[in-house]
Amino acid sequence: MGIAYPHYEEIEHVRPIATIGLVVANVVIYLLTSINNGFLAVEDVWVQAFAFVPAFIMKPEAFYRIFTSMFLHANLAHIFFNMLYLYTFGKQVEVATGARRFLALYFLSGILATIFHTAFIPVEGASSAFIPALGASGAISGVLGAYLLLFPGTRLTMCFFYFFIPFCFTTRAAAYILFWFATQIVQGYLGASLGVAVFAHAGGFIGGIALLPIVLDPERLGMLRVYASMKRFFFNVFFVKPGLGTLSKAILVLLIGLTAVGALYSALVGATTGGVNKILDISAASCTTPSGCQAGYVNESVIVQLNNGKLDYTPISTSEVRVVFNRLNAANLVYNNQYMGRTVDVRLATTGRVQGIPVKVVINATLSYDKFGLINSGSGTVETEVLQCDPITGRCAKGGIMTYSFFVSTAASMVGFQGIPITQLAALAFLVSLGSIIVIGRSEKFEIIA
């Protein structure tokens, strides 16, 4: 991602209080959630507690994650670029809308970003239902969508760095934002997003366009249009017809149309795809001997999904539960199609691979399995070599031998995306996409460049 710098003058020296407040809040929260990692990366415990996971929609008490996820950032680069773009583009959008309306645009765009992200699970792949999503990118994308309609004719200088050598060029804001939006759509459909929730970005952007007529004050907009024409609000506008041209509109409508097609596809197939989903409640305690594992249990819910014989699961924050689950999984005891519908007594000594490292594992347990071969309930002990991993580099090395006692039960089980309203959310994404296309058709009404 490059550094963008729009060329404009401030309007009446109005201070963008809401934008500055959002930047400060995000930075403070990042510092608090990354302090134990040297401010280089967020701690896993915060991600597991507050990031948005589509599969957690099955639990209504987890709705708060839609909002808290907007204030979490994965690492230093994530927070830097997000806040740079929020301040660079947000302050002008806030001047155009006013602080309260800007906050409404910001948070509603963030909500729509999570809706699109969830709705496009059948397109991105079933495993995306279990990957924590975090960051203000979806909400900021909505700000970019509003900026595109309000200030399409501004000149924008972009700088990319190659071995610390800057390569800069100047273009219209509309050209850059359209290019960025196109990359999100292409990456999403090609599956080349590398774990980035690109359809959340696209959804926030489309939402920002659709919401703009709702959050704009017509009187304020008219005043700014007059002020811009009288005071030369923009001092570096290309000498071409201002605003979105016919070609730009056509490209934008095409890209949003492609998104709408994806939403329609998700709405049609969402109820019939997704494999088997299950929420496992796992309690675990570490101790030096099996008889000493009677206290100190910690509990965590782990969502597992079986799709075409492939097992996916949510990341696990508590170390005891993570060790137990990883050892059971390495020993093929979380999913085993030979145990379908059976209860088995396991007495197993083996070597399994965890984080690519072979570790010795001794398991004594009684485990029950459902008709799909997924673990349903059980209890027992796990004696294993443990790994010591660096939270920054991710490199792991063998430590000592520990014994863990555990209990596992099933909190919920479903086939497909039952409990995740894929069809309904995809239908909503489709309607929002159509609404944004209608707004684009009359974009001249919103351009501050008259």
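His201 counts as buried because its relative accessibility is 13%, and the cut-off for buried is under 20%. The model is a predicted one. His201 sits in helix H9. Leaving aside residues up to four places away in sequence, His201 touches Ser137, Gly138, Ser141, Trp180, Gln184 and Val196.

Now step back to the whole chain. The chain has 450 residues, and 52% of them are buried. Its secondary structure comprises 13 helices and ten strands. Among contacts with a separation of 6 or more, 73% are between residues 24 or more positions apart. The accessible surface of the chain is about 20300 Å². Carbon and sulfur atoms account for 63% of that surface.

The largest nonpolar core holds 68 residues. Leu150, Phe181, Phe205 and Leu252 have the most contacts inside it. Helix H9, spanning residues 198-215, contributes the most to this core, with ten residues.

Not counting residues up to four places away in sequence, Phe181 touches Ala202, Phe205, Ile206, Leu252, Leu255, Ile256 and Thr259. Two of these partners, Phe205 and Leu252, are also named among the residues with the most contacts inside the largest core.

Turn to the charged pairs. The count of salt bridges comes to two. In one, the side chains of Lys249 and Glu444 meet, with N to O at 2.4 Å. This pair links distant parts of the chain, 195 residues apart. Lys249 belongs to helix H11 (residues 246-269). Glu444 lies in the segment after helix H13 (422-441). Are the two partners buried or exposed? Lys249 counts as buried because its relative accessibility is 16%. Glu444 has 39% relative accessibility, so it counts as partly exposed.

A polar contact comes next. The side chains of Ser405 and Tyr297 are joined at 2.7 Å. Ser405 is part of strand E10, residues 396-415. With a relative accessibility of 9%, Ser405 counts as buried.

Last, the surface. Which residues form a nonpolar patch there? They are Ile20, Val24, Val28, Leu32 and Tyr87. Together they have about 420 Å² of accessible area. Helix H1, residues 17-34, gives the most to this patch, with four residues. Leu32 is located in helix H1. Leu32 counts as exposed because its relative accessibility is 56%, and the cut-off for exposed is over 50%.

How values were computed. Residues are numbered from 1 along each chain as its sequence is written. This is a predicted model: local features need pLDDT of at least 70, side-chain atom pairs count only at pLDDT 80 or more; totals for chains, interfaces and linings use all residues. Side-chain values use heavy atoms; hydrogens and water are left out. Patches are made of residues with over 30% relative accessible area and no salt bridge: like charges are joined within 9 Å, nonpolar side chains (Val, Leu, Ile, Met, Phe, Trp, Tyr) within 5 Å. Accessible areas come from the Shrake-Rupley method with a 1.4 Å probe; for residues, only the protein chains shown count as cover. A salt bridge is a side-chain nitrogen of Lys or Arg within 4 Å of a carboxyl oxygen of Asp or Glu. Helices (H or I, at least four residues) and strands (E, at least two) are DSSP runs, numbered from the N terminus. Buried means under 20% relative accessible area, exposed over 50%, partly exposed in between (1.4 Å probe, protein chains only). A nonpolar core is a set of buried Ala, Val, Leu, Ile, Met, Phe, Trp, Tyr and Cys residues joined through side-chain atoms within 4.5 Å. Contact means heavy atoms within 4.5 Å. A polar contact is a pair of N or O atoms within 3.5 Å; within protein, one must be able to donate a hydrogen and the other to accept it, and residues adjacent in sequence count only if both atoms are side-chain atoms.
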